[in-house]
Structures are given as C-alpha cells and as structure tokens.
Amino acid sequence: VYLAPELSARVMADEDTTMIAGIPTLAVEILSPSNTIESIREKIDVYLRAGVPQVWILDGHFRTVTVHRPKQAPVMLNATQELDGGAELPGFRVPVATIFR
C-alpha cells in the first residue's frame, strides 16, 4: 500500500492485509440504475457522519461528479470541468470527462 507522505499520518497500513485502519480520505459511489435517491442520500450521510472528508458521487448517465463535504453545499461538476482533491488530496486533478472514458 502506497501512502503519500502527507497522508501517512492519517492512516495506518497493516502489511498482512489490503485493509487500511482509520477513516478514509475519500469515499466514491458510482450510481447504478438500481440506486434510489434515498439510498444514495443515506450513504452520503453515513460517510460524512463517520468523518470522511469527501464523498464523490459519479453519475455515468449525466457524466457528472458531485462532491459532498461536511457542512458545505454539494458541488456538481460536469464533463467540461476539472475535479481536484482539495486539501485532503493535494495535487490531485483530473478532467471529469476522463473519469467517464
């Protein structure tokens, strides 16, 4: 498991497993046709209450990424925009269109 130096203080890796102990820096949900609005809202709430600083919801149909952060309004990005990792994932940037290729 590779952890960027700035993230290594946040989590502890156990060499006998691929699991990482601690709160993830990011949770990503990819919408499927069987998802309901309520089920996605519940997942977002669970992640944020657990202390996950960012939750990304990927919608392949509309080619959008919605970024949820605690105590902030969600931000929706479309295929013409760029997604960045914010303070939690410094230096991470990707065009949204690239995610849906």
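Helix 2 (residues 37-50) contributes the most to the lining of the largest pocket, with four residues. The model is predicted, and local features need pLDDT of at least 70, side-chain atom pairs count only at pLDDT 80 or more, and totals for chains, interfaces and linings use all residues. Residues are numbered from 1 along each chain as its sequence is written, and side-chain values use heavy atoms, with hydrogens and water left out.

The largest pocket holds about 220 Å³ of space. A pocket is an open set of points on a 1 Å grid over the protein atoms alone, where a 1.4 Å probe fits, with protein on both sides within 12 Å along at least five of seven lines; lining residues have an atom within 4 Å of a point. The volume is the space filled by probe spheres set on the points, which are joined across faces, edges and corners. The lining consists of Leu 31, Ser 32, Asn 35, Thr 36, Ile 37, Ile 40, Arg 41, Ile 44 and His 68.

Helices (H or I, at least four residues) and strands (E, at least two) are DSSP runs, numbered from the N terminus. Gly 51, with a positive phi near 105 degrees, follows helix 2.

The structure holds one aromatic pair. Trp 56 and Phe 92 form this pair, which is tilted, with 5.8 Å centre to centre and 35 degrees between the planes. Rings of Phe, Tyr and Trp (its six-membered ring) pair if their centres lie within 6.5 Å; planes under 30 degrees apart count as stacked, over 60 as edge-to-face and the rest as tilted. Trp 56 lies in strand 4 (residues 55-59) and Phe 92 in the loop between strand 7 (82-84) and strand 8 (93-95), 36 residues apart.
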